[in-house]
Structure formats: C-alpha cells, structure tokens
Amino acid sequence: MTSLALHAVAIALAAALPIATARAAPAAQSVAQAASAPASGYRELTWIQLVPPGWDPMKRFRDVGIGRLSDNSPRTAALMADLRDELDNAPLVETLQDAPVRLPGYVVPLQTDRDGVREFLLVPYFGACIHMPPPPANQIILVKLAQPAKQLRSMDTVWASGVMRLDRQPSDMGVSGYRLDAASVEPYRNKPR
C-alpha cells in the first residue's frame with residue numbers, strides 16, 4: 001500500500017507552486033516589474049510572487065521514496081508532520097510588507113455573522129484548505145474586511161485589494177503567511193483580451 005496522504009500533499013504542493021523551484025530568477029524579476037502601482041494605487045500580484053525565489057519545500061523529502069511508504073507506518077506519520085511543519089513555516093517575501101496589492105483567488109470563509117463574511121482565507125486554487133490539504137503558508141492570505149461582505153460564499157472567485165502584511169496566523173483551515181487588510185473585494189472578472 002502506498003501513502004495516499006503523502007501523495008495528496010505532493011499533489012497540492014504541485015498545484016500551489018507550479019514554477020517556484022524551476023524559475024526563481026523570473027519570479028524575482030516579476031516582483032520587480034509589479035512594483036509600479038497602476039492608477040488604482042494597487043499593484044497586481046500573481047501567486048508565485050508570494051514565494052521567495054529558490055524556495056524548495058520538497059528538498060528534504062526527495063529521497064524518501066514516497067511510493068514505498070505505508071499509510072499506517074509511524075515513519076509516514078513522522079514525514080507528514082515534518083512536511084506540514086515545512087509548509088506551515090514557508091518563507092515569505094519581506095518586500096511585500098505594507099505594499100498596496102491586488103490579487104485574485106478563492107474564498108475560504110473564517111468569520112461570518114448575519115451581516116456577512118468579515119474574514120476569509122484567500123487561496124490560489126479551488127478546493128484548497130477544504131477538499132485538499134492546505135497549501136504552504138506563503139500561498140494563503142488572511143483577508144480582513146473593513147466592512148462585511150454579504151454575498152461572499154465558500155470558493156467564490158474574487159479580486160482582493162488592500163495593504164499586505166507579513167503575519168503568520170493559524171486557523172482551522174490552514175496557516176496563512178500573509179494578511180491583507182482589504183479595502184475592497186469584488187467578483188473576479190478576467191481581463192479583456
């Protein structure tokens with residue numbers, strides 16, 4: 001029997017970090033290019049720009065032989081705990097502190113009341129933190145809204161704009177590495193071509 005849990009984490013990592021280890025230099029260049037804020041005052045970010053160039057979360061686990069592990073093995077449990085720790089403590093891009101940013105993502109509600117959603121996690125892909133293991137902390141943003149949003153639902157796709165903070169916070173759905181003090185959240189609409 002192979003370790004299904006480790007495979008699930010590896011798949012989630014692959015979805016969250018498509019080019020982090022393969023293209024560190026272009027990612028750094030993209031952050032520099034995004035530094036010029038558009039007329040709205042927010043610079044538009046992509047998810048890969050939240051990952052420091054060269055970070056490789058799987059480096060320690062490459063020679064483990066995941067396919068030969070058993071789900072009920074103590075070694076598998078220890079490796080899962082080590083991998084979760086690596087992901088929850090993922091490094092952040094320090095130059096994003098206090099930056100006015102805008103980026104798209106999926107909503108994972110955290111705090112709601114009769115007035116609407118007050119806090120949520122913004123994640124890069126559908127199902128993150130709900131149907132799959134949480135992505136690395138540098139791929140989860142805690143969004144705090146100035147005003148509750150009545151129409152937000154789980155896995156809605158939105159643009160979130162606000163001031164980015166480096167602020168690692170645990171929640172029942174995953175550990176976020178960033179916090180966005182949101183000035184606005186709006187439905188995602190792809191740019192016209």
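**Pocket lining.** I sorted the lining of the largest pocket by class and got 10 nonpolar, four polar and three charged residues. Here Ala, Val, Leu, Ile, Met, Phe, Trp, Tyr, Cys and Pro count as nonpolar, Asp, Glu, Lys and Arg as charged, and the others, Gly among them, as polar. The lining has 17 residues, and Ala149, Leu152, Ser184, Val185 and Glu186 lie nearest the pocket's centre. Strand 4 (141-149), strand 5 (157-169) and strand 6 (176-187) are the elements that each give two or more residues to this lining. Strand 6 supplies the largest share, six residues. The space in the largest pocket comes to about 210 Å³. A pocket is an open set of points on a 1 Å grid over the protein atoms alone, where a 1.4 Å probe fits, with protein on both sides within 12 Å along at least five of seven lines; lining residues have an atom within 4 Å of a point. The volume is the space filled by probe spheres set on the points, which are joined across faces, edges and corners.

**Ground rules.** I am working with a predicted model, where local features need pLDDT of at least 70 and side-chain atom pairs count only at pLDDT 80 or more, while totals for chains, interfaces and linings use all residues. Residues are numbered from 1 along each chain as its sequence is written, and side-chain values use heavy atoms, with hydrogens and water left out.

**Fold.** I noted three helices and six strands, in the order α-α-β-α-β-β-β-β-β. These are DSSP runs numbered from the N terminus (helices H or I, at least four residues; strands E, at least two).

**Cores.** Which residues have the most contacts inside the largest nonpolar core? They are Leu50, Leu122, Ile141 and Met164, in a core of 24 residues. Strand 4 gives the largest share of this core, four residues. Another core, of 12 residues, lies apart from it and includes Trp55 and Phe61. A nonpolar core joins buried Ala, Val, Leu, Ile, Met, Phe, Trp, Tyr and Cys residues through side-chain atoms within 4.5 Å; buried means under 20% relative accessible area (1.4 Å probe, protein chains only).

I found Cys129 with a positive phi near 75 degrees, though not a glycine. Cys129 sits in the loop between strand 3 and strand 4 and is buried, at 8% relative accessible area. Met155, also not a glycine, has a positive phi of about 70 degrees. Met155 lies in the loop between strand 4 and strand 5 and is buried, at 10%.

Definitions and conventions:
Buried < 20%, exposed > 50% of the residue type's maximum accessible area, 1.4 Å probe, protein only.
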